Amino acid sequence: QLQLVESGGGLVQPGGSLKLSCVFSGFTLNYYAVAWFRQAPGKEREGVSCMSKSGENIIDADFVKGRFTISRDIEKNTMYLEMNNLQPEDTAVYYCAAEPSSYVCFGMSIRSRDFRSWGRGTQVTVSS
């Protein structure tokens, strides 16, 4: 059974940092494209960062602006999102997602409809 479990969320002051983790079980991470999404209250879910199955292609949303970094550790079957210079507008529930496809995480956008396996999310709150 495929399972994705996020952790690492919390309350941080503006300008602070957090590192989110997503542990995969039931499948091997290197066979999957992976991504982070987020959803703020009253807003639609939006793509944050996406890594292709090969790990060679990464798409970052414009609002990331070099502040966030997606990565993965194949041996630990875990992916990460390192977030720096967090701002109040980054407040949201963050979700990890995975899809066993070589055609995901290419192009200009990160689309939630490309992913069928999802975690339950971890809350990130940026506030002073």
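User: How many bridges join strand 4 to strand 5, and which way do they run?
Analyst: This is a predicted model, so keep that in mind throughout. Five bridges join strand 4 to strand 5 (residues 46–51), and the two run antiparallel.

User: What stands opposite phenylalanine 37 there?
Analyst: Glycine 47, in strand 5.

User: And the hairpin between those strands, which residue takes a positive phi?
Analyst: Glycine 42, with phi near 80°. The hairpin of strand 4 and strand 5 has six residues between the strands.

User: Which other strand does strand 4 bridge to with seven bridges?
Analyst: Strand 9 (residues 92–99). Strand 4 and strand 9 are antiparallel. Within that pairing, valine 34 has alanine 98 as its bridge partner.

User: How many of the residues of strand 4 are buried?
Analyst: Six of the seven, across residues 33–39. Strand 4 is therefore largely enclosed by the rest of the structure.

User: Back to glycine 47. Buried or exposed?
Analyst: Glycine 47 is buried, at 14% relative accessible area. The cut-off for buried is under 20%.

User: What is glycine 47 in contact with, beyond its sequence neighbours?
Analyst: Leaving out anything within four places in sequence, glycine 47 contacts Trp36, Phe37, Ala61, Phe63 and Ile110. For alanine 61, the C-alpha separation from glycine 47 is 6.6 Å, and the two are 14 residues apart along the chain.

User: Switching to rings. How many aromatic pairs are there in the whole structure?
Analyst: Four, from a search of the whole structure. Take phenylalanine 27 and tyrosine 32 as one of them: the ring centres are 4.2 Å apart with the planes at 50°, so that pair is tilted. Phenylalanine 27 and tyrosine 32 are both buried.

User: What about the pair of phenylalanine 37 and tryptophan 118, how far apart are the centres?
Analyst: 4.8 Å, with the planes at 50°, so this pair is tilted. Phenylalanine 37 sits in strand 4 and tryptophan 118 in strand 10 (residues 117–118), so the pair ties together parts that are 81 residues apart in sequence.

User: Is tryptophan 118 buried, or is it partly exposed?
Analyst: Tryptophan 118 is partly exposed, with a relative accessible area of 25%. Phenylalanine 37 is buried, at 1%.

User: Now charges over rings. Which ring does arginine 45 sit over?
Analyst: The charged end of arginine 45 is over the ring of tyrosine 95, 4.0 Å from the centre. Elsewhere, lysine 19 lies over the face of tyrosine 80, at 4.7 Å from the ring centre.

User: Where is tyrosine 95, and what touches it?
Analyst: Tyrosine 95 is in strand 9. Setting aside neighbours within four places in sequence, its contacts include Glu6, Ala35, Trp36, Phe37, Arg45 and Trp118. Tyrosine 95 is buried, with a relative accessible area of 13%.

User: Next, the core. Which residues of the largest nonpolar core touch the most other members?
Analyst: Phe24, Trp36, Leu81, Met83 and Tyr94, out of 28 residues in that core. Strand 3 (18–25), strand 4, strand 5, strand 7 (68–73), strand 8 (78–83), strand 9 and strand 11 (122–126) each supply at least two residues of this core. Another core, of ten residues, lies apart from it, with Ala35, Ile59, Ile110 and Phe115 among them.

User: In what order do the four strands of the open sheet come?
Analyst: 1-3-8-7, with antiparallel pairing. Strand 1 (3–7) and strand 7 are the edge strands, each pairing on one side only. The twist averages 15° from one strand to the next.

User: How many bridges join strand 3 to strand 8?
Analyst: Six, and strand 3 and strand 8 run antiparallel. Leucine 20 has leucine 81 as its bridge partner in strand 8.

User: Last one: where does serine 52 lie, and is it buried or exposed?
Analyst: Serine 52 is in the loop between strand 5 and strand 6 (58–60). Serine 52 is buried, at 1% relative accessible area. Not counting residues up to four places away in sequence, serine 52 touches Tyr32, Ala33, Asn57, Arg72, Val104, Cys105 and Phe106.

Key:
Residues are numbered from 1 along each chain as its sequence is written. This is a predicted model: local features need pLDDT of at least 70, side-chain atom pairs count only at pLDDT 80 or more; totals for chains, interfaces and linings use all residues. Side-chain values use heavy atoms; hydrogens and water are left out. Buried means under 20% relative accessible area, exposed over 50%, partly exposed in between (1.4 Å probe, protein chains only). Two strands pair if DSSP finds at least two bridges between them. A nonpolar core is a set of buried Ala, Val, Leu, Ile, Met, Phe, Trp, Tyr and Cys residues joined through side-chain atoms within 4.5 Å. Contact means heavy atoms within 4.5 Å. Axes are lines fitted to C-alpha atoms, for helices over the stretch in contact, and angles run from 0 to 180 degrees between N-to-C directions. Rings of Phe, Tyr and Trp (its six-membered ring) pair if their centres lie within 6.5 Å; planes under 30 degrees apart count as stacked, over 60 as edge-to-face and the rest as tilted. A charge sits over a ring if NZ of Lys or CZ of Arg is within 6 Å of the ring centre and within 35 degrees of the ring normal.
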